[in-house]
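Good morning, and thank you for making time for this. Please have the sequence and the structure open beside you while I talk.

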Amino acid sequence: MLQAMFSGVSGLQVHQTRLSVTGNNIANLNTIGFKAGRVTFQDQLSQTLRASARPSNEIGGLNPSQVGLGVALGAVDTLQTQGNLQTTGKPTDLAIQGNGFFLVSSGSNVYYTRDGSFDLDSNGVLVNPANGVKLLGYLADEKGVIDESQPINAASVLKVPIGTLTSVSQTTFTQMEGNLNAGAALVSTYSNLIGNITATSTPPDIVINTTAYDALGNAHPIKFTLSNPANNTPVPGQRRWDITINVDGGDIPGSPHQIVFNMTTGAFISSTVPASVTVTGSGGAPDFNLSLNVSGLTNLSSGTVSYAAVTDGIGGAPPVWNTSLRVFDELGFAHLVQFTFTRRLVGTVPPPPGGATSRWDWVAKVNGAIVGQSGTTPPQLPLYFDSAGQLLNKTQQSITITPVNGAAPFDVKVDFGAITQLAGTSSVAATVQDGAAFGTLQTFSVSPEGLITGIFSNGQSRVLGRVAVATFTNPSGLEKMGQNLFRESGNSGLAQVGTPNTGGRGKITTGFVEMSNVDLSNEFTNLIITQRGFQANTRIITLVDDLLQDVINLKR
């Protein structure tokens, strides 16, 4: 009977432990990141009254006869299951959705936790304000590059220094987009007379009208008046014609000039017409030179009379477009770069690409000083367009800024590749530039992959670090240290540290915390079962006590 009493005592002991675990679970119902415990029992040694026996020819086999000596505590397990996520809206609150633990440090010790209720301390360090442990992760360099091969230790503290971390980004690249007006004016460069004027032409005079255009597309009328003078054969075998050239209503100096033809063949021999004339621009347009050529005329005694003036250039919208952008040096100072695009004739220098039908030169200036322009050698070339208005030479060009504030000179690559030349107003502008002025860290965000990205007052963003997450082969084997912390044990396995959302590790959810995984209905059920088990074991003890009293009474 004493064995039965001791069995009841062992039952009381283990049920008391189970009651303690259940009470602890219920007490931590609202503890962030808490993981519930579970108690399992196992029987103790058994007293063998009869050993087992093999069957023989005479009798069958016998099972062992054993009496148990009570119950023992099997284990108190930690249930490492996912808890529900509760929204907080606080950007420093983090929750792991899936497997893994945050790594935190206290002094030189590294611990693990599912409690992601972090905040920034006065040094900008992400800490749990309840116990002061610091969140660990991968640190980024000053350019935002993370070396994920770096070991994570107690010194790998993630820091977000709001208001003190500064950022300056020197401009290295800009992109131009938009349209250059295909209907823009094109300055005239020549006016040539061609055709045949018959040898017997007599007054009235031959008048040929044409129009030249200045750099702003303003029209300038030109009138060529050819007359056959009475004395038109000053040299035997030659015939002379007089020509008066009128530009913008005024005759050019030296008029009339002479043109001499071969009397027999009618071919052009010579002329006193100047090689060029300077035309005064109007409306603010600069003066321009217009070359003159009359060698295309013939003076045949018979044949069709047909003559014309061929003048290049076109009128239209202003052939100049100005735009600007700000670039930044290594100290964060801004420099205003003025770009001017000017339509030109395609020309032959530099040699244009095949299919080029239009050309725009460009020049960039800072404070009036040229910092870059189209030239004659690659890559600094004019912009050439085909008949469909598409840019032919899309190689990046560059400008060089030389600051006077102590910053070093720097190059800026310019991408013109997205510019078109279509029949619409000019609209070219810089749409991208990768520099930024001086700025301070204003706020930050954490991605599901754990990347901590800082947002600066200058609009720039930069990676500051990455939260580390650890997984274990047997997370239930971790040892509880209190304050929602765990540490490695001999049976948890080594921490497999890596980045969130990779290698079976869970992803980070910002603005949430993980609640405890305690199931209250299950705990109340366990309370009832534990209570009944405890009561039943007390009945064993009292019953054995009564029986022992009866035995004692037999001696009276």
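This is a predicted model: local features need pLDDT of at least 70, side-chain atom pairs count only at pLDDT 80 or more; totals for chains, interfaces and linings use all residues.

Asp-248 is placed in the loop between strand E18, residues 238-247, and strand E19, residues 250-251, and its relative accessible area of 39% makes it partly exposed.

Staying with the backbone, I would also point to two cis peptide bonds. One joins Val-349 and Pro-350, with omega at about -5 degrees, and Pro-350 is in the loop between E26 and E27. The other runs from Pro-378 to Pro-379, with omega near 0 degrees, and Pro-379 lies in the loop between strand E28, residues 369-373, and strand E29, residues 383-385.

Now to the side chains, where the structure holds ten aromatic pairs. In one of them, the ring centres of Phe-339 and Trp-362 are 6.1 Å apart and the planes meet at 35 degrees, so this pair is classed as tilted. Because Phe-339 belongs to strand E26, residues 334-344, and Trp-362 to strand E27, residues 358-366, the pair ties together parts that are 23 residues apart in sequence; both residues are buried. Phe-339 also pairs with Phe-416, with ring centres 6.5 Å apart and planes at 80 degrees, so that pair is edge-to-face. Since Phe-416 lies in strand E31, residues 410-420, this second pair ties together parts that are 77 residues apart in sequence, and Phe-416, like Phe-339, is buried. Elsewhere, ring pairs link Phe-101, Tyr-112, Phe-472 and Phe-486 into a cluster.

Finally, the chain as a whole. It has two helices and 41 strands, and its radius of gyration is 48 Å, whereas a compact globule of 556 residues would have one near 24 Å. Along the principal axes, the C-alpha atoms fill a box of roughly 180 × 70 × 35 Å, and 41% of the 556 residues count as buried.

Definitions and conventions. Residues are numbered from 1 along each chain as its sequence is written. Side-chain values use heavy atoms; hydrogens and water are left out. Helices (H or I, at least four residues) and strands (E, at least two) are DSSP runs, numbered from the N terminus. The radius of gyration is taken over C-alpha atoms; the globule rule is 2.2 Å times the number of residues to the power 0.38. Buried means under 20% relative accessible area, exposed over 50%, partly exposed in between (1.4 Å probe, protein chains only). Rings of Phe, Tyr and Trp (its six-membered ring) pair if their centres lie within 6.5 Å; planes under 30 degrees apart count as stacked, over 60 as edge-to-face and the rest as tilted.
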